[in-house]
Amino acid sequence: MPEPVPEGKPAVADSETDGDEPQSTELTGLFVEKPPNSVVAVAGTDVTFIAKVDSTSLTRKPTMKWLKGKWLDLGSKAGKHLQFKETYDRNTKIYTYEMKIIKVVPGDAGGYRCEVTSKDKCDSSTFEISVEAAHQDEQADILSAFKRADAGEDEGDLDFSALLKAAKKKKKPEKEEPEIDVWELLKSAHPSEYEKIAFKYGITDLRGMLKRLKKMKAEPIVHSEAFLKKLESCYSVDKGKKITLRCEVVDPNVQVKWLKNGQEIKPSAKYIMEASGNVRTLTINKATLADDAAYECVVGEDKSFTEVFVKEPPVTITKLMDDYHVVVGDRVEFEIEVSEEGAHVMWFFEDQEIHKDKDSKYRFKKDGKKHTLIIQEATLDDIGMYHAWTNGGHTKGELEVEEKELEVLQDIADLTVRATDQAMFKCEVSDDKVTGKWYKDGVEVLPSERIKMTHIGRFHRLIIDNVKPEDAGDYTFVPDGYALSLSAKLNFLEIKIDYVPRQEPPKIHLDTTGNMVSQNTIIVVAGNKLRLDVEITGEPAPTVVWSKGDKPITDTEGRVRVEARKDLSCFVIEGAERDDEGNYSITVTNPAGEDKAVLFLKIVDVPDPPENIKCTGVGEDCASIVWDPPKFDGGAPVKGYLMERKKKGSSRWTKLNFDVYESTTYEAKRMIEGVLYEMRVFAVNSIGMSQPSLSSKPFMPIAPTSEPTRLTVHDVTDSTCSLKWLAPEKIGAGGLDGYVIEYCKEGDTEWVVANQELCERQGYVVRGLPVGEKINFRVVAVNMAGRSPPALMSQPVTIREIVEHPKIRLPRDLRTKYIRRVGEKINLTIPFQGKPRPIATWFKDGKPLDEKIVNVRNSNVDSILFIRSAEREHSGTYELVLKIENMEDRASINIRIVDKPGPPLNVRATDIWGFNAALEWEPPKDDGNCDISGYTIQKADMKTKEWFTVYEHNRRTNCTVSDLVMGNEYMFRVYSENLCGLSEEPRMSKNTAVIAKTGLELKSKPYKEKDMCCSPKFTQPLVDRSVVAGYSTAISCAVKGFPKPKIVWMKNKMIIGEDPKYLMQNNQGVLTLNIRKPSTFDGGKYSCMAVNELGKDEVECTLNVRVYKEPEK
């Protein structure tokens, strides 16, 4: 948990309240400004609360929470009624947080808290809001105080389903009734009646009503005769967790009832009621929002009330919203996924919340964790940013809508027809839903028996049967809703009958103006049908031959064919292909002559896809994309390109442009930093749009960091300069790879890079600088997006060593004797200062230090004296001499290496009297290199020779040993003691002390020693045994006798020798023979005989070994 911040100086905070003067507030901790303690707001007006936080001393951005009551996080209630704003001033490094309540209602009254946290620091400020009714509305209906502020369209009276509707149907003409004071009604009502009163009088905020009623009552606390300890005033629990309501009653045997909103609760797996002595508990398992209610514990006529608040866990967004780029009329589906099923999601368009009933064009769809906002037909008014909010997350997506453009895929061609023939105008557009009208010479063409108009998919046709001369003219097709028209001409071919000679040379009447782009060149779109009707005249009827190059075309069926009619020759290509391109000729001959025409057929198609799409550079929200033009342009010049992008992992492509883009370099904008994107490109020519190119490699919009901060000079020498700085304030998704340090001489513009590899630390020493020059330095932060803006020094730095007198900073603990024990490690660090770098030299006892015995390491700022394992010879006075040119400083350290002392000398008993002995000795020769702190004296009786300590830490070299036992002789020993402990060996006394007996003489009686000899005799005989073969066994007996008898074991009167099968044991006369896994052969008589010089004794037993037989089944 973050630790509280220490109190700061008091300051003043302003609150933007309507009609209220700013009030001063005492501030603590992180707050520079915070809301006033108490605010009185007028109902229906707006009120704003401001809190400011100083981030100068903070390591990361602070987090602000606005809370109501104990736990209600107002961030999840952001919308039309509550608005939150956060700003940051880079100059003062102060964050400003605002909470604005739009149109205050009485339900907004209560206690609030703003809480700011930053890593291990926290601070909070509480304030109270009171709401007063507007002066002109003093008699306003009390029900308006409890209309929910965040209910949107549901701010009005609640619809209590069918019950209220039925009541409305039976409603009689209203009668004027006297006004009822609802507060008085609530005060006197039972809590179980609250919901009925709320239903009757249209009260919607039952919880707010109960809170305010509790304040209004303000009744004195009445001592309860049934309860020792009542329920807490309120409880809070996270959704899905368990909570226990606990109270204590006076009578441990009394029965209690538990009520929820006035209704009795029955025991179940959900509600567990327990009684333990005077304690009564109600446990609610797996709390849901339905458990958010008022609860009572009833004992007879006495009751204890409480409220349970169920906190819903924050719902996070697991799948973010995609951007859309559509045309007018398209369907748009913004889809997100959340972490919990049934979660509440609020949708916003820009700053306005979207409600289903308010705008019928919006539809909401929920499918488990998926939530979808659907716009049936997008319009230009729908352009903007759409947001989805949960109580624990936020995502947004941008919608771009373009005007729908109609593309002409096949234009109308001019027609030349003869009388009674059929004329058909045909065109194809890109949208199969587009309708249109046909016009002739500006007059709309109406359908009749002879004129028919059809619309099938993308094709529109005008068919004129039995063509007449008056049908000739200009025909136009105009699509509905588009500023576009397609025109063609109908030419009527009159047939004149002249009397001509029978012999007439053949003639080709070629009229292909509709398809001609130049002399004798016909252009056909790949995939379209070409039908070339060529009129032929001549008498007699000429012979027609079509050829492609030198190869005649004779097929009358198939994709490429020739059809013959009267006076016509038709050349048809179904579904033109690129291979059909080439020179075609038609030759007509008859006896009267020959005619020939040559045509060039050009096939045009959509281009190939562009190639090599790649990202050449990225920014914070943009990327530069380049590509190569398509290898084949389709026979028509490429007009431009269309681009699409998508997030990696998504399947939805978003168009970036609707008008063709001519260049092969494009800068995509409005992207999200840190998200991977892919791009693809379409090529467009006059025929149409190519297939999409291959997707580019994924790229991520990433911006360089901001410049490093607080660049300062740490140290300067004759050839180096040490720089330090802080990390950039803004790093972004690209992270930070390191720093580049550059320098240049004053007046130059060429910067020199000081470090070949990126510097990962926030400090660097630039070396090899010219002495006396003024040098400018700058530091650039580098990440995968490139270099940041440089951090510059405010003025150039002069490269010159600053002379500073040498000074040794001897640590305080080294100013006295430095004592260490033998074998310990010595590691002394002596810091010093001085410029240029001082020369440090060590001396011991006035002589230069031998670095083979003692290790020394010197640096720019300190000198380290290191001894791995201290010895006595390392003791002495060490002196550090610090020199810079003719200046020096000295410091001495007295190091003493101590060890355990030797034993004292000449220990002796100098006097003996009564039960006392006087001892004296001399100090040891070797004191262990430190003062002797005392001696330890021990005594021992010459009989037992067990040593007992007489004195410890005895400081003198003599002592008196008392309480000696008369008649005993004593010897003594003494240990020396110093800082390291007792000496390894004691010094024994040269003489002993005999405590003589005085005045008593013991006359001992003659003693006759008892004869203990006896012959062997068994006190416990051997016992017969029956054992199972294969299981080890033992036989035992007991014998006595002195001298100790010799034991002999026998089997069947045969002595058992060193057979490993047998183990013989004798424990204080208890004799045991162990037989390892006996077989039937080992059965028989076993005997044990004990023999000594006084006689012998023998015992025997029978051992029966049987074979185990399994029982019959």
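User: Where does Ala 541 lie?

Analyst: Helices (H or I, at least four residues) and strands (E, at least two) are DSSP runs, numbered from the N terminus. Ala 541 lies in the loop that links strand S44 (530-539) to strand S45 (543-548). This is a predicted model: local features need pLDDT of at least 70, side-chain atom pairs count only at pLDDT 80 or more, and totals for chains, interfaces and linings use all residues. Residues are numbered from 1 along each chain as its sequence is written, and side-chain values use heavy atoms, with hydrogens and water left out.

User: Is Ala 541 buried or exposed?

Analyst: Buried means under 20% relative accessible area, exposed over 50%, and partly exposed in between (1.4 Å probe, protein chains only). Ala 541 has a relative accessible area of 65%, so this residue is exposed. Its C-alpha atom is separated by 9.1 Å from that of Glu 504, 37 residues apart along the chain.

User: Why does Arg 812 count as exposed, and where is this residue placed?

Analyst: Arg 812 counts as exposed because its relative accessibility is 69%. Arg 812 is found in the loop between strand S66 (804-808) and strand S67 (818-821).

User: How many helices and strands does the protein chain have, and what share of its residues is buried?

Analyst: The protein chain has four helices and 92 strands. Of its 1113 residues, 38% are buried.

User: What share of contacts joins residues at least 24 apart?

Analyst: Contact means heavy atoms within 4.5 Å. Among contacts in the protein chain between residues at least 6 apart in sequence, the share is 62%.
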